[in-house]
Amino acid sequence: MAGLDISSNNEGTKITRTFASPWLETSRSEVEPIFKTPNSFKIDNKELNNVENRLSGFNSETLFFIFYAKPKDVLQELAARELNKRNWRYHKDLQVWLTKDSNSEPTPNGPGSERGTYVFFDPASWEYITKDFVLYYQSII
């Protein structure tokens, strides 16, 4: 009814090349806008800094965003390395980042663990949460 031949004889024909719009008055040129990239948007490759060098200038919230928004990506690994440099540790079981509270020192709680006050970054609420916690060393990266 739309004037498209979708019979089994035309299996190799892609509908997107022959059918730009369901409205007859819309042409393909109206669907795809003609644009030109402004010169101010063009950057020479020599002017771009290495991403690894730029991550050290980002604040922690930006690094958390990169870590959680880019799973299984090189950027996730680079953000994790930078967070580790800043004394943040990833808890494998809780799947959150934590660091020691600067106002208190943890005390040993037995072999392989310590009790103390830690600052957690909660990705669900996007805020820092401070609480007393028993940390098992095998649970952190």
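User: Hi! Which strand is the place of threonine 117?
Analyst: A quick note on the ground rules: this is a predicted model, where local features need pLDDT of at least 70, side-chain atom pairs count only at pLDDT 80 or more, and totals for chains, interfaces and linings use all residues. Residues are numbered from 1 along each chain as its sequence is written, and side-chain values use heavy atoms, with hydrogens and water left out. Helices (H or I, at least four residues) and strands (E, at least two) are DSSP runs, numbered from the N terminus. By that count, threonine 117 belongs to strand β4.

User: Is threonine 117 buried or exposed?
Analyst: The labels go by relative accessible area: buried is under 20%, exposed is over 50%, and partly exposed is in between (1.4 Å probe, protein chains only). Threonine 117 has a relative accessible area of 18%, so the label is buried.

User: Which side chain does threonine 117 join in a polar contact?
Analyst: Contact means heavy atoms within 4.5 Å, and leaving aside neighbours within four places in sequence, threonine 117 has contacts that include Lys100, Ser104 and Thr130. A polar contact is a pair of N or O atoms within 3.5 Å; within protein, one must be able to donate a hydrogen and the other to accept it, and residues adjacent in sequence count only if both atoms are side-chain atoms. At 2.8 Å, the side chain of threonine 117 has such a partner in aspartate 132.

User: What pattern does the protein chain follow along the sequence?
Analyst: The protein chain has five helices and five strands. Read along the sequence, the pattern is α-α-α-α-α-β-β-β-β-β.

User: At what angle do α4 and α5 pack?
Analyst: Axes are lines fitted to C-alpha atoms, for helices over the stretch in contact, and angles run from 0 to 180 degrees between N-to-C directions. For α4 (residues 60-69) and α5 (residues 74-85), the axes are 8 Å apart and the angle is about 145°.

User: How many nonpolar residues does the contact of α4 with α5 have?
Analyst: Residues making this contact include Leu63, Phe64 and Phe67 of α4, and Leu75, Ala79 and Leu83 of α5. Here Ala, Val, Leu, Ile, Met, Phe, Trp, Tyr, Cys and Pro count as nonpolar, Asp, Glu, Lys and Arg as charged, and the others, Gly among them, as polar. The contact has two polar residues, one charged and, for the class you asked about, nonpolar, eight.

User: How many residues does the largest nonpolar core have?
Analyst: A nonpolar core is a set of buried Ala, Val, Leu, Ile, Met, Phe, Trp, Tyr and Cys residues joined through side-chain atoms within 4.5 Å. In the largest one, Phe64, Phe67, Leu83, Trp88 and Trp97 have the most contacts inside the core. α4, α5 and β4 (113-122) each supply at least two of its residues. The size of this largest core is 14 residues.

User: Which loop residue has a positive phi and is partly exposed at 38%?
Analyst: In the loop between β4 and β5 (127-136) there is a tryptophan, and its phi is about 55° although it is not a glycine. At 38% relative accessibility, the residue counts as partly exposed, and it is tryptophan 126.

User: What distance separates the C-alpha atoms of glycine 110 and tyrosine 136?
Analyst: Glycine 110 is found in strand β3 (residues 107-110). Glycine 110 and tyrosine 136 are 26 residues apart along the chain, yet their C-alpha atoms are separated by 9.5 Å.
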